[in-house]
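Hi,

Here is the structure I said I would pass on.

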Amino acid sequence: MNIKTPKTSSLSEEFSLVDDILYLNHAAVAPWPNRVVDAIEKFSRENAAQGSKYYPRWVETETHLRQQIQQLINAGSPNDIALLKNTSEALSVVAFGLDWKAGDNVVSVAGEFPSNRVVWEALAPKGVELRKTDIQCNDPEQALFDQVDAKTRLIAISSVQYATGFQLDLVRIGDFCQKNNILFCVDAIQSIGALQFDVQAIQADFVMADGHKWMLGPEGLALFYCRPERREQLTLQQYGWHMTDAFIEFDREDWKPAKTARRFECGSPNMLGIHALNASLSLLLETGMHAVEEHVLANTRYLFECINESTQLELLTDTTPGRISGIAVFRHRNMDNDTLFSLLTENGVMCAQRGGGIRYSPHYYTPRETIKRAVEMADIAV
Ligand SMILES: Cc1ncc(COP(=O)(O)O)c(C=O)c1O
């Protein structure tokens, strides 16, 4: 494998992780790049000194963030993007906005993160069934399609499974949905910021992702893409000044929901989060998502190699090209996961216990040395 680590000098300017932390937990919560810290600090100092004197400039940052998100996911317009609290909120906007009929069903994947299960299960009182598909088979997409019948209104999946790192073929699923008049909803929190993502190419109706994983931002600010033709199909569940069409004309008594995706944002924006996410996305876009993806996947393949070289460790993640992401899950052949996890975290390896093993998730900037050392720490002879 011979992919050069991207511009090392600039990476050391951008990231300040201390040496005794081996950070392999981007699939959970990412550390902030220095430019995010700077943006937050600058915003805080401005607030302390001048309050909201420069609010119009904050709104410019908000506008810029929407443009960056548009570029990151190839949306047709910044107007297709709402800024919400988190992935779960965006999923709820979809689940509780659609006009369900008793007997309808949603087809999903078994073992989805709870955000993308609970929200559909919560529709049970309306008579909506959630069908969870086992995708541990030769043709996972076909397994999903086999669950579909005339009452299927929506396919809801994560682009990358959080517990295995398995990547579904979104183009194929989007195509199937289009042909069968089924809505397509993608929880993309384990892809966006790590892998190239194109909402138009996959023909998605709804896409959501909080910024605190691969997008390197803080928790509590998520993107929600809604295909323009679907916007008015979602009955609004939350109301306030910010979602109205003429939202700065406070004296006006008449109002309509905004025509744009701002209709899903009921009140004051999370300006602190906006400044932070705007900074982290600028880093990803300057690096270029093509390069970011290339390095994320090269790091994952290197991680696979290191794990496979160990006689003590067993890789659980599917390594099929096209199916891999930023995640690798493994277990120790002779040690239980709880013990191994405690040992690793005590020794500074930031990772997670997921999918029946230990999940490592390096990002594009993670040095090879960090990956190697973290695998060596797990490779304990028992
Ligand atoms: C697939 C997936 N969806 C959603 C979330 C988090 O959802 P939220 O942004 O609502 O906290 C996670 C976090 O681990 C996840 O892995």
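Which residue just after H8 takes a positive phi? That is Gly 288, with a phi of about 95°. Before going on, two bits of housekeeping. Residues are numbered from 1 along each chain as its sequence is written. The model is predicted, with local features needing pLDDT of at least 70 and side-chain atom pairs counting only at pLDDT 80 or more, while totals for chains, interfaces and linings use all residues. Helix and strand labels are DSSP runs numbered from the N terminus (helices are H or I, at least four residues; strands are E, at least two).

Helix H8 covers residues 271-287. Its 17 residues should span 24 Å at 1.5 Å a residue, and the end C-alpha atoms are 25 Å apart, which agrees. The expected span here is 1.5 Å times one less than the number of residues. Buried residues of H8 include Gly 273, His 275, Asn 278 and Leu 284. By "buried" I mean that 20 or more other C-beta atoms lie within 10 Å of the residue's own; 12 or fewer is exposed, in between is partly exposed, and the C-beta atoms are placed from the backbone.

H3 (residues 55-73) and H8 have axes that come within 9 Å and cross at roughly 40°. Axes are lines fitted to C-alpha atoms, for helices over the stretch in contact, and the angles run from 0 to 180 degrees between N-to-C directions. H3 and H8 are therefore oblique to each other. For the angle classes, under 35 degrees is roughly parallel, over 145 roughly antiparallel, 65 to 115 roughly perpendicular, and the rest oblique. The crossing of H3 past H8 is left-handed, meaning the near helix is turned anticlockwise from the far one by less than a right angle (clockwise would be right-handed). Among the residues making the contact are Trp 58, Leu 65 and Ile 69 of H3 and Ile 274, Leu 277 and Leu 281 of H8. A contact here is two C-beta atoms, placed from the backbone, within 7 Å. The residues of this H3 and H8 contact divide into 9 nonpolar, 7 polar and 1 charged. The classes are Ala, Val, Leu, Ile, Met, Phe, Trp, Tyr, Cys and Pro as nonpolar, Asp, Glu, Lys and Arg as charged, and the others, Gly among them, as polar.

H2 (residues 34-50) also packs on H8, at an angle of about 150° with the axes 8 Å apart. That makes H2 roughly antiparallel to H8, and H2 passes H8 in a right-handed crossing. On the H2 side the contact is made by Arg 35, Val 36, Ala 39, Ile 40 and Phe 43, which meet H8 residues including Leu 272, Ala 276 and Leu 283. By class, the contact of H2 with H8 has 8 nonpolar, 4 polar and 1 charged residues.

**H9 and H11**

H9 (residues 289-309) and H11 (residues 368-378) pack at about 30°, with axes 10 Å apart. That makes H9 roughly parallel to H11, and the crossing is right-handed. Asn 299, Tyr 302, Leu 303, Cys 306 and Ile 307 of H9 meet Arg 368, Ile 371, Lys 372 and Val 375 of H11. This contact of H9 with H11 has 6 nonpolar, 1 polar and 2 charged residues.

Pro 362 sits in the loop between strand S13 (357-360) and H11. Pro 362 is buried, with 28 other C-beta atoms within 10 Å. Leaving out residues up to four places away in sequence, Pro 362 touches Leu 24, His 26, Asn 299, Leu 303, Gly 326 and Ile 371.

In helix H4 (residues 87-95), 8 of the 9 residues are buried. Those buried residues pack against strand S2 (81-84), helix H5 (115-121), S6, S7 and S8.

Leu 216 has a positive phi of about 65° although it is not a glycine, and lies in the loop between S7 (206-210) and S8 (222-226). Leu 216 is buried, with 28 other C-beta atoms within 10 Å. Lys 213 lies in the loop between S7 and S8 and counts as buried, with 26 C-beta neighbours inside 10 Å. Residues that Lys 213 touches include His 26, Val 29, Ile 189 and Gly 193.

Asn 181, in the loop between H7 (170-180) and S6 (183-187), has a positive phi near 60°. Asn 181 is exposed, with 8 other C-beta atoms within 10 Å.

Cheers
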